[in-house]
Amino acid sequence: MNSTGNPYVPILVIGAIGFGFAAFSLVAAAITGPKRYNRAKADPYECGIEPSPQAAEGGRFPVKYFLTAMLFIIFDIEIVFLYPWAVTFDKLGVFGLVEMSIFIATVFVAYAYVWRRGGLEWD
Amino acid sequence: MTSNSLVYLIALPLFGSAVLLLAGRRSDRWGHLLATALSAGSFGIGLMQFSQMLSRSNEQRAVSQKLFSWISVGSFEVDAGLMLDQLSICFVLLITGVGTLIHIYSIAYMSHDHDRRRFFAFLNFFIAAMLLLVLGDSYLNLYVGWEGVGLASYLLIGFWNQKPTYATAAKKAFIANRVGDMGLSLAIMIAFATLGTVSFAGVKEHASQASTGALTAIGIMLLVAATGKSAQFPLQSWLGDAMAGPTPVSALIHAATMVTAGVYLITRSNFIFDAAPTAQLCVAIIGAITLLFGAVIGMAKDDIKKALAASTMSQIGYMVLGAGLGPAGYAFAIMHLLTHGFFKAGMFLGAGSVMHGMDDEVNMRRYGGLSKFMPITFATFGLGYLAIIGVPPFAGFYSKDKIIEVAFNAGGIKGITLGVAALLGAAITAFYMTRVVILTFAGSKRWDDKAHPHESPFLMWGPMALLALGSVTSGFLFTHGDALRNWLAPVVEQIPAHEGELLSPMIVSILALVLVVLGVSLAVIKYFLNEVPETVPENVTIFTKLARRDLLQDAFNEAAFMRPGQSLTRALVKTDVAVIDGAVRGIARLASGSGKALRTTQTGFVRSYAMWILLGAIALIAAIWMVTL
Amino acid sequence: MNAANYLYVSALLFTIGAIGVVVRRNAIVVFMCVELMLNAANLAFVTFARINGNLEGQVVAFFTMVVAACEVVVGLAIIVTIYRSRRSASVDDASLLKR
Amino acid sequence: MSIFTAPVLNYSLLAPILIVLAGAVLGVMIEAFASKAIRPVAQLSLTLGTLILAIAQVWRIRHQSSLTAAMGSVAIDGAAILMQGAVLVIAILGVLLIADQEQFTVLAAAVPGSEEERESLESGQKLTEVYPLTLFAVAGMLVFPVSNDLISLFVALEMLSLPLYLMAGLSRRRRLLSQEAALKYFLLGAFSSAFFLFGAAYLYGYSGSVSLAGIRDSVVGGSGNDVFFLIGIAFLSIGLLFKVGAVPFHAWTPDVYQGAPTPVTAFMAAATKVAAFGAMLRIFYTAFANAYWDWRPLMTVIAIITMLFGSFVAIAQRDIKRMLAYSSIAHAGFLLAGVIALNKAGLDASIFYLFAYGIATVGAFAIVTLVRDSTGEVTDLKRWAGLGKRSPFAASLFATFLLAFAGIPLTSGFIGKFSIFSAAYESGNKAIVVVGVLSSAIAAYFYIRVIVLMFFTDPADDGTSVVIPSMLTRITVIAAFIITIFLGVFPAPLLNFITSLAYFIR
């Protein structure tokens, strides 16, 4: 770390750079970009693609997309805890096995809930 | 000495109040009788305690009762305990005695009110709270009672809350009292912090070890508390408006008992004030200012109850002055408090009786010549009048002259100033009280034919007569052989009286009497020999106008406290929505560098909240930086 | 390479995220900015683990990832519900509650 | 690299937390497999049973203390027991309120005003997901004040927050407001927890350890980079101050309190405060105690601003729930005085205050749920006028809770305020006591204003009335009332109990 001078200076500089970057982006966008207000800008995903097909209620994305994405994230991320366990599996012994079983069982309860309440059905 | 029956003093009326409130309409028919009986029962217990006290030697008279351990936080312990000594018994008898009479009076006075039961419930609650105030053995227990009487007073002022002005009056009383309460709680905290205890006995014992500065701070805070509760300058403005409550309430709470709690507090804390001369001087000055202030306002009021309220303020000023004069004055302050309890309560009941007969008219310019129609009311009111202006041998003569005398003998410039103020107050008192009596009872009738003035029923004039008896005899009884002084001696240690006196009692009495006669004659000339206009004359001096507006006390309060408070609140609300919002806008403008962007970057509230957090974070970092640099 | 540089990056990411929360209107973008801040903290944790020479910081990073994922789920659920009710994901439109 | 050995857990000390978590998981199972008809009853009894079992376990272990119950991650000690007990008691009262299903939408996913929503309402079904959500939040609140390292703190913080974000959006009526409250609570909560985590990272960087004990050792030893430490304290405090609603991190409070379904507000306002202050007390009393010179001045300023701001702005409120929200901000300021006191008396007083305040808060919001007209709850203060004349019983109970908030003697609030201010005074912090007394005087004004409005103003004839409460709500209100008065008149038993138990082990 910076051993000479005020130790806060780097923090301040970093803060200023961050602020400046954000300010610069906004100013640059305001100066260079077209000033037309476009409703699409407030939409989720500003990639410019006209979402199709239109859902029955006139929305852009069926909620199912979000639901599936969310379920995927939540179940996928739990795997993270299996890695360290796998590495030290032999040292943790029975304790580790039991704890992991409880952990997996809990995830399965959530899974069962999603399944029973129709979260996995696509129509 | 301990006693197990003290708690019943409080429990009886508290029980009555609970029964009446819980039983609801079911108790409409007998509720007022129960309340009156319980109040009388409390009085009975008080008398019993008094007679037991008399049978013991002077040092053994105080009794106490521990109820339960209330708070114990670490080293801090407070028991809920009661203590009855020579000082509190005076109050117990006054509260329950006058209280019971006023209960009886109210049975008739409130008979047409469909909410009479609720009224009696509040009245009983008040008695219980006031008894707790004077019986508590520590400042904290006193504080509980103090808040209780505040609540009761507040409920009763607003009893006829159908009229918005009455509700406003209740609020005003509440706010002035809160300022006072804050003083009391600060005093308790300072006492605890410096002395480690809040019981009267403990504080008294440790007071000698504390620094004068701490004691002065406690004293000043206690004085703030007293000014709030006892309507002393500068927190006096609520008392006049408090007259919105039913008249028995004005008599009991706003004349005889609750408003004198400040005097009780100061007398009870004599060991603090005696050790803190600055605070004591402040007490005397506040008392002197208020006694003149109240008297001046009293001269200009046309509303009979407000005139009496101004007089109460002024008379309590005398008591506070007395209490501020130290050991020489405590006994006389209490004496004046007791005699005042009789004659002022009596006069308020008289005023109520007049209003009862005159369709609730309160404007004295619409009275006149009522002595023919209400002879008993006139007689009782008249006796109270003679007592308050200090005509010998009525009660006020003994108590008030003594305070004036002690004031003169306080020594030096202080003594002369305070003494002159007290003397002047006596003259003004004579003037405005004479004015009240003449406008109401003498002269020609100024009421229209719709009113049918009539004497009140026995239930009303009975209590008035008893109170009038008290106004006549109490002064003599208290001073006979220095009875009250000797009685109170163990509580308020006294120096021998008449030491290096400036004026002898005789001279003071003569001076006072001369001034009283002067005041009375002026009033007679102005109001009896001249015609009293029915409408309020406008071509009066600036002083009268000022006095009519309560010497601008409301205007002062508004300018000094209310307006800044309101604008501060408004400013903070604006900060919440406008400034912070504006800051967000400002930053947005900075960032985008164009005014146009302001429109497109409409600020929403979530983001402005996030801005709060971010700015807070920046401020925290900046502050830590500065603190540690 | 000096480990302190990672801290600078972390602080930069955190600041950008914080500014983004304040200046962006789209709820999802705001939310992504919050995730950016969380990841900045994560980077700091991992860097400190490196500097201090123990593993605790990396363990924290694991937990943070999982918690952040849960937060994503809850957040998206709320934002989608609001979007369906209001037909807009702008945080500025959701300002009925005020004063 | 360290050698891993299998951890040893002391299950009996962790049991309260595990019981609640197990109950929550079981609740999810019920949601998945039980039929719609029995869900409400099954969920309610499961939830209450779980909470009562947890309380029983907390009571059983009350005299034990251990730092190693979960390998140093949690510290079970007297203070922890008290805090967990308080959270559980408040949670039970809160669940009784939540069980009054009038308040919740049936299908949270349905668009407000849509056909789907109408059908779901007409079906007469109940929203039962709220029970497991509550239990998860309670579990987080049980972990938060006992957490003894930064990981547990962060996980517990999120565990208690995430369910609350969702619960805030479940209101049956005024759904747009409710959803907006959920969105705001969520975005700002996530924002502040990012600060919390960033601060935690710098504290770790400072001491090289994520445990509070390790941080304390570094503070005492004076090793480590002070800049990291100060940034760590500042940012970690932001996360905590946000949760307790201290100025300037308070802005979410009024909006969320107003928008959320009232039973949720009751639970959230009371229990979150206990949990967050519990964690705050532990962190500041153990890890940061020896560096008090660095944080005390700042926290004093924040406490003072919070007290004054909350009290002043509350005066200007027109909505009862917003007013209570600002009052909760003011109370956060009073409680901060207990944190700053940094002595045993301050700890005792804070725990008592939290309990007393939490109970009175649940009671007050419970009454708010009862005041309704044909379209739902009436929170506009103007329409509360004259309530005391129509429903003296409910109005008197509400007045009692308000008096407790105002700190009038013979209510629990007085004892709480008194002990917290005397602890602050003992620690030599006179400024905070003076400001505290001053702002309680200001605060008393707006509490009493509501009482005046209820009792001394003529009722407006607009259909506002107090509904007959369900048995469960009635239990909540009466229990809260009895506790509030009892603690005001006989506080000694609880105070003694707290004094004898409240210690942090280090």
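**View 1. Residues 147-442 of chain D in the predicted model.** In this predicted model, the end C-alpha atoms of residues 147-442 of chain D lie 36 Å apart. The span is 79% helix and 2% strand. An unreviewed UniProt entry lists these residues under "domain: NADH:quinone oxidoreductase/Mrp antiporter transmembrane".

View 2. For chain A, an unreviewed UniProt entry gives residues 12-31, 65-86 and 92-114 as "transmembrane region". Residues 65-86 of chain A are 86% helix and 0% strand, and their end C-alpha atoms lie 32 Å apart. In residues 92-114 of chain A the chain is 100% helix and 0% strand, again with 32 Å between the end C-alpha atoms.

**View 3. The contact between chain A and chain D.** Here 16 residues of chain A are in contact with twelve residues of chain D. Helix H4 (residues 89-116) of chain A supplies the largest share of the side of chain A that touches chain D, namely eleven residues. By class, that side of chain A has nine nonpolar, four polar and three charged residues.

**View 4. The contact between chain B and chain D.** This contact takes 45 residues from chain B and 52 residues from chain D. Several elements of chain B each supply at least two residues to the side that touches chain D, including strand E1 (63-73), helix H5 (139-157) and helix H6 (164-195). Helix H23 (553-592) and helix H25 (605-628) of chain B also belong to this group. The largest share, 14 residues, comes from H25(B). The side of chain B that touches chain D divides into 31 nonpolar, ten polar and four charged residues.

**View 5. Helix H1 of chain B.** Helix H1 (residues 6-23) of chain B has 18 residues, which at 1.5 Å a residue should span 26 Å; the end C-alpha atoms are 26 Å apart, so the two values agree. Among the buried residues of H1(B) are Leu6(B), Leu9(B), Ile10(B), Pro13(B), Gly16(B), Ser17(B) and Leu20(B). An α-helix has 3.6 residues a turn, so residues three or four places apart point the same way. After H1(B) comes Gly24(B), with a positive phi near 65°.

**View 6. Helix H14 of chain B.** Helix H14 (residues 304-324) of chain B has 21 residues and reaches 30 Å from its first C-alpha to its last, close to the 30 Å expected at 1.5 Å a residue. Because 21 of the 21 residues of H14(B) are buried, this helix is largely enclosed by the rest of the structure. H14(B) is followed by Gly326(B), which has a positive phi near 80°.

**View 7. The largest nonpolar core.** This core has 494 residues, and those with the most contacts inside it are Ala422(B), Val87(D) and Phe198(D). Helix H7 (residues 175-207) of chain D provides the largest share of this core, 20 residues. Leaving aside residues up to four places away in sequence, Ala422(B) touches Ala288(B), Leu291(B), Tyr318(B), Leu321(B), Ile403(B), Ile404(B) and Ala407(B).

**View 8. The fold of chain C.** Chain C has three helices and zero strands, in the order α-α-α along the sequence. The radius of gyration of chain C is 17 Å, well over the 13 Å that the globule rule gives for 99 residues, so chain C is more spread out than a compact globule. Its C-alpha trace spans about 50 × 25 × 25 Å along the principal axes. Of the 99 residues of chain C, 58% count as buried. Among contacts in chain C with a separation of 6 or more, 48% join residues 24 or more positions apart.

Methods
Residues are numbered from 1 along each chain as its sequence is written. Chains are lettered from A and ligands numbered from 1 in the order in which they are written. This is a predicted model: local features need pLDDT of at least 70, side-chain atom pairs count only at pLDDT 80 or more; totals for chains, interfaces and linings use all residues. UniProt positions are given in the numbering used here, feature names are shortened, and annotations may be inferred rather than shown by experiment. Helices (H or I, at least four residues) and strands (E, at least two) are DSSP runs, numbered from the N terminus. The expected span of a helix is 1.5 Å times one less than its number of residues. A residue is buried if 20 or more other C-beta atoms lie within 10 Å of its own, exposed if 12 or fewer, and partly exposed in between; C-beta atoms are placed from the backbone. Two residues are in contact if their C-beta atoms, placed from the backbone, lie within 7 Å. Ala, Val, Leu, Ile, Met, Phe, Trp, Tyr, Cys and Pro count as nonpolar, Asp, Glu, Lys and Arg as charged, and the others, Gly among them, as polar. A nonpolar core is a set of buried Ala, Val, Leu, Ile, Met, Phe, Trp, Tyr and Cys residues joined through C-beta atoms within 7 Å. The radius of gyration is taken over C-alpha atoms; the globule rule is 2.2 Å times the number of residues to the power 0.38.
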